Amino acid sequence: MSNIINSLYNIRLLDDLARKKTFIHSIHPLIKLLTTIVYVAVLASFERHEVSALLPFVFYPVFILSFAEIPVVPILKRVLLVEPLIIGIGILNPLFDNYIVVFGDIVVSRGWLTFLSIFIKCSLAVTVSILLVATTGMDRLAIALRMLKIPRIFALQLLLTYRYIWLLIEESLRMVRAYSLRAPGQKGVKINDLGSFLGQMLLRAFDRAQRIYQAMSLRGFTGEYNAGDVPKIKFRDFVYFAAWSLFFIIARIYNIAVLIGALFTGVGR
Amino acid sequence: MSHHKLEARSLYFSYPDGHEAVKNVSFTIYHGESVGLIGANGAGKSTLLMLLMGILFPSRGEVLVGDVRLTKKTLPAIRQRLGFVFQNPDDQLFMTTVYDDVAFGPRNYGLDEDEVKIRAEKALEMVGIPHLRDRAPFKLSGGEKRVAAIASVLSMQPDILIMDEPTSALDPKSRRRVINLLKNFEHTKIIASHDLDMVLETCRRVIVLNEGEIAADGITEEILFNKELLESCGLEIPLSLQNCPVCGTFKSHISHVKKWDLSFSCKCQD
Ligand SMILES: Nc1ncnc2c1ncn2[C@@H]1O[C@H](COP(=O)(O)OP(=O)(O)OP(=O)(O)O)[C@@H](O)[C@H]1O
Ligand SMILES: [Mg+2]
């Protein structure tokens, strides 16, 4: 159980990372959001069972990971959290699609290719989304959404949900800790106690959320979230956006992996 | 200055479950006064403060700030003038950095970012934590959180500072720091606490609550010396006023109390 409790400290890692001051962090939030949207859109536009053409798209998250000085392992852990979901979405393909595809000497079923394709696409999309939050921060992301004319209420909803979720998790971790101290040598919460445990958790989280809301309104909060100065979009930001979009589109049209392979083996397609 | 006046007129409040937490409470607090609100657990201190802040509304009676009656309509204007520090700083700090938390209030009042910066930095300076500005609030120690919470209210430059248990759960050093901080504020302030020694040092006037009613209202030394009164309200004479732990005679430093100096001065130590 100490594992969960340790994570209490890491829960807000993304917030911490978002405060770094690297080149990537200094890119305008709106630009980063748009770049991510283009990235995900291009990924989604690929053929159902395309695999090799997806490889160049690994470059973008790797680029961000290295230039924004983001530690790889915690990010991967967070991606792993959603992996079961992704597998759940894709796993039926190999069962129903037995059509055989031949690559030179290798024979595979198209179902597996589709599964692999879905798996890669979803993992990449999740990774870049997490990286977007880790390099921008939820506050500034909400500002970017407002700039896209997303209604205030949605941006606010997102922001408060994000804040409250951590509170809820922290509150439950604290309860789990208190419980485990009084139930040593026991794994998890006993089923008999689960009802009152969950009920308490909900009530507490609700109470806490309410007090925080009160604290916010006491300091003049009326629904418009102000996260301070928003920088202007600079020329540099445009270049960043244009360069990446160009790269994504070229990688969509030409299969770069195959092109490079051809370059080395001297065999055209 | 009458507009810094805070007045409660026969306030009553019952919680939805029917528990009457505040009964017939009236008082007036004038500009520059420092008032300690004391009472046992469950006496209704927090409830009363919430009534003053307009978080709760009284079932009977009214609250006046300056000459304005506190209603839903006047709430925004009034809240700008009252600064409330929560009992638990975790409820108050929710942004990603201390600076953002301190700047939260001023930003909501639509000040431009330069002015926000000036105010936030001044508030951080006042409580002595400029070095914590870029830290995440949830990673601070209890004492640091407390002063950060105080700074987040000071940045709004309120006329009246209202605090719920500012020294609870603090170690002696952090407690001392908060006390010194409070002593140096020229604000009108209301401090709810069981820490009677702290009240003795920081407040000139004391209101005693007992089961939701005012049991006494007067000068700090008079009330905190009144053993009978305090005990009937579930409280004790402050430690610094109790008998000398060395020789057992009553400490002879009443004259010191008046000068807000509580250094230990029993004759047996001479
Ligand atoms: N949400 C609530 N619903 C019902 N009763 C409540 C609620 N909050 C407080 N009370 C009751 O109201 C009374 C006054 O509570 P209050 O929190 O104001 O006391 P307090 O003087 O601040 O105590 P403490 O020193 O422990 O902080 C208590 O008897 C308490 O049980
Ligand atoms: Mg209380």
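Domain bounds come from an automatic or database domain assignment, and for chain A that assignment gives domain 1 (2-148 + 234-265) and domain 2 (152-218). This is a predicted model, in which local features need pLDDT of at least 70 and side-chain atom pairs count only at pLDDT 80 or more, while totals for chains, interfaces and linings use all residues. Residues are numbered from 1 along each chain as its sequence is written, chains are lettered from A and ligands numbered from 1 in the order in which they are written, and side-chain values use heavy atoms, with hydrogens and water left out.

**Domains of chain A**

- The C-alpha centres of domain 1 of chain A and domain 2 of chain A are 31 Å apart, and their contact (heavy atoms within 4.5 Å) takes 14 residues from domain 1 and 12 residues from domain 2.
- Between them, these two domains of chain A bury about 1400 Å², where buried area is the accessible area (1.4 Å probe) that two parts lose on being put together, summed over both; carbon and sulfur atoms account for 71% of that area.
- Zero salt bridges are counted between domain 1 of chain A and domain 2 of chain A, a salt bridge being a side-chain nitrogen of Lys or Arg within 4 Å of a carboxyl oxygen of Asp or Glu.

**Interface of chain A and chain B**

- Here 24 residues of chain A are in contact with 25 residues of chain B, and the area buried between the two chains is about 2500 Å², with 55% given by carbon and sulfur atoms.
- The rule finds four salt bridges across this interface; the side chains of A:Arg208 and B:Asp91 also meet in a salt bridge, at 3.2 Å from N to O.

**Chain B**

- The secondary structure of chain B comprises 11 helices and 10 strands, taken as DSSP runs numbered from the N terminus (helices H or I, at least four residues; strands E, at least two).
- Of its 270 residues, 56% count as buried, meaning under 20% relative accessible area, with exposed over 50% and partly exposed in between (1.4 Å probe, protein chains only).
- Among the contacts in chain B with a separation of 6 or more, 60% join residues 24 or more positions apart.

**Cysteines**

- A search of the whole structure finds zero disulfides over all chains, a disulfide being a pair of cysteine sulfur atoms within 2.5 Å.
- B:Cys203 is in no disulfide, and the nearest cysteine sulfur, that of B:Cys233, is 17 Å away; B:Cys203 is buried, at a relative accessible area of 0%.
- A:Cys122 counts as partly exposed, because its relative accessibility is 25%.
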